[in-house]
Amino acid sequence: MPLTLQTLPKQIVDKIIDHCYDRQLPAFHPKFFRVYNELQSYSHLCRRLREASLPYLESRLIFERYNLAVEGVDKQTLSHEELKAAKRLPAVIRWMTNMRRVVETPARVKELIISTFDRYPNPDDVLDMLRQQKFEQLKWSGVTTLCVSFKSDYDIDDGEKDEGEWISDDSFAALSSFLVEHLPMVDTLWMDDNRCRRVGPRNVLSNYVAERLDRLSKMFLRFAYMPAFGVKTLPPHITHLTLTVHSAYDFIDIPRVMAPMLRSLTLSAIPLSHLWDKFGGSGAVDFAELRRLDLTFHVPYRSIPSGKTEDDLMWERYHKENTDGPDGKPLSYVDPKTDNYKGNTKLKTISVKERAPKYTVLKSDKRPRFPKLQHLQLNLYPGRIRDFLRDIPLQQLLTLRISADLVAFKGLRLAGLDRLQSSNICYYSDSKLRESPHANRFLAKAFAQPPTLRRLTINTSSKCRLRPPPILSCTGIRRLKLTAQISYADLPAMLRQLPRLEFLDLQRALFVDPPPLTHTAEGMAQHFLALSDTAPVSTSLVKFVPDVLCRNATDEVVFYNIFMLIARVPSLRELKMFSFYSTQFFRELLPLFKIPDLSKRIRHLASLECNE
């Protein structure tokens, strides 16, 4: 019986709905109402989708503002100046909402979305809209999640000169008070506040956060000024915290993070050398329930009117506040010889992103120790992190993601990862000085991971030709995504060392120039049959994704290289490429089946599927 939506298991249908709809909040999707309408359309396709979609359609209340004048502009046909002029036309504002659908069952609503993305809104306009919709006349006792996404159109907001457009503190306070009063059960807050010059250095929901902090257990605050929490230490009941701010200067205003129930912590714009000072006063704090730690370090990019950059002021302020001890040491100083901190026994995932060497030196008095760590993510620019990794038990890792430059990979060792199952290694380099030997060493390190590895992604921006190492230790790989300038001539030897490989995605590979006689089908057959090595290069590979958008390569060159490889892969069932290239590929492949001696060798290609 053919597989249809009606015959799919309920768990699969639920996952489809979850993938296209429920993941909007983590991604801060800018057009909630449009996706809502798409889901509503899907629900009419069949009974299974209708049943799976109904809980989502009834659980989310959306108010989203569209500027119809801008929405109707074809941005591809206008210059930048013409587009700015179109945006400055009198706005035809319309709030799109599904209020009519959910008004009959307000108790089923669990999420409230207030979103704009044409320009930064005045909170007074948002408040007027809610009152016009008679929002306060219904009881929203089931709403536990509030999402506020305010976007700024910099072409308009950053050029605003009219002082009458300035947004006052009273407007923010009035909106916050309204939400606090009519949403009594909210415990999860998502906020994306993309500021503009009409707003002072504050967060759109600072008042709301301060008033509701004793009730909020999950806060996901992104692209905003640090809100005024109103406390020096976060309350102990918080389980999820995400703070993604514009600058390291805002880091100073983060309260101390000492919540014993914390399961997920995400911080950005953090100076690594002072990061652990946020985890306690005179000593390190053990977060017994923490599962995921995501840290992002980058260079502050805005300027302060005094002429100093924000990082300069941050460092001055930090040292002034933290060097008042009697011996000149910071008040938070901990002697590593007497420190009895045992480390976090339940931490599962950590992600570190770093953008400046100024923030890469950990203070010796506080060191991270994660004895149960299983998932490690590092994004390093330029990345001196040996001190940070010293106490991480690499032998326990199940997944590893590293994106870094040459400096970081010089100090990293990928040996001893005996339990590793998934690895993603990216190497970025703009320097051509001795790049070739370093890039090849990087490739050798990436392939030197243990046989337990099942999924491997390697991405290198090196412009030099790279060669896979002669011996690969990661022989258990099932999925390999390789973006590197390795030659198609080097692939057979590499694939024969990967006996379990089922999926290969190959990008930026270097093509071999075909001999002149291969321009005809007879010549191609003669050339292939004359090879000294026609044995299979893989008997496990099922799907191959080649790079067909290559640099000035002709169709004949692309076909020759792909054919010479897949003709020796009898297990291959699927080839993924763009439809234009697949049509051309099969146009050149079909005549080869008419040559008897060759057709016996490439019989498996007759049933090959080609997908985009």
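I looked up aspartate 533 and found it partly exposed, because its relative accessibility is 31%. Buried means under 20% relative accessible area, exposed over 50%, and partly exposed in between (1.4 Å probe, protein chains only). This is a predicted model, where local features need pLDDT of at least 70, side-chain atom pairs count only at pLDDT 80 or more, and totals for chains, interfaces and linings use all residues. Residues are numbered from 1 along each chain as its sequence is written, and side-chain values use heavy atoms, with hydrogens and water left out.

I then searched the whole structure and got 8 salt bridges. A salt bridge here is a side-chain nitrogen of Lys or Arg within 4 Å of a carboxyl oxygen of Asp or Glu.

Aspartate 533 meets arginine 496 in one of them, at 2.8 Å from N to O. The two are 37 residues apart, so I noted a link between distant parts of the chain. Arginine 496 is partly exposed at 35%.

Next I checked glutamate 111, which forms a salt bridge with arginine 60 at 2.6 Å, N to O. Glutamate 111 sits in strand S3 and arginine 60 in strand S1 (residues 60-67). Helices (H or I, at least four residues) and strands (E, at least two) are DSSP runs, numbered from the N terminus. Glutamate 111 is buried at 15%. Arginine 60 is buried too, with a relative accessible area of 0%.

**Aromatic rings**

How many aromatic pairs does the structure hold? I found 11. Rings of Phe, Tyr and Trp (its six-membered ring) pair if their centres lie within 6.5 Å; planes under 30 degrees apart count as stacked, over 60 as edge-to-face and the rest as tilted.

I looked at phenylalanine 135 and phenylalanine 178: the centres are 6.1 Å apart and the planes at 45°, so the pair is tilted. Both phenylalanine 135 and phenylalanine 178 are buried.

Phenylalanine 559 and phenylalanine 585 make a tilted pair as well, with 5.1 Å between centres and 55° between planes. Phenylalanine 559 lies in helix H18 (residues 555-566) and phenylalanine 585 in helix H19 (residues 579-589), so the pair ties together parts 26 residues apart in sequence. Phenylalanine 559 and phenylalanine 585 are both buried. I also noted one aromatic cluster, formed by Phe528, Phe559, Phe563, Phe585 and Phe586.
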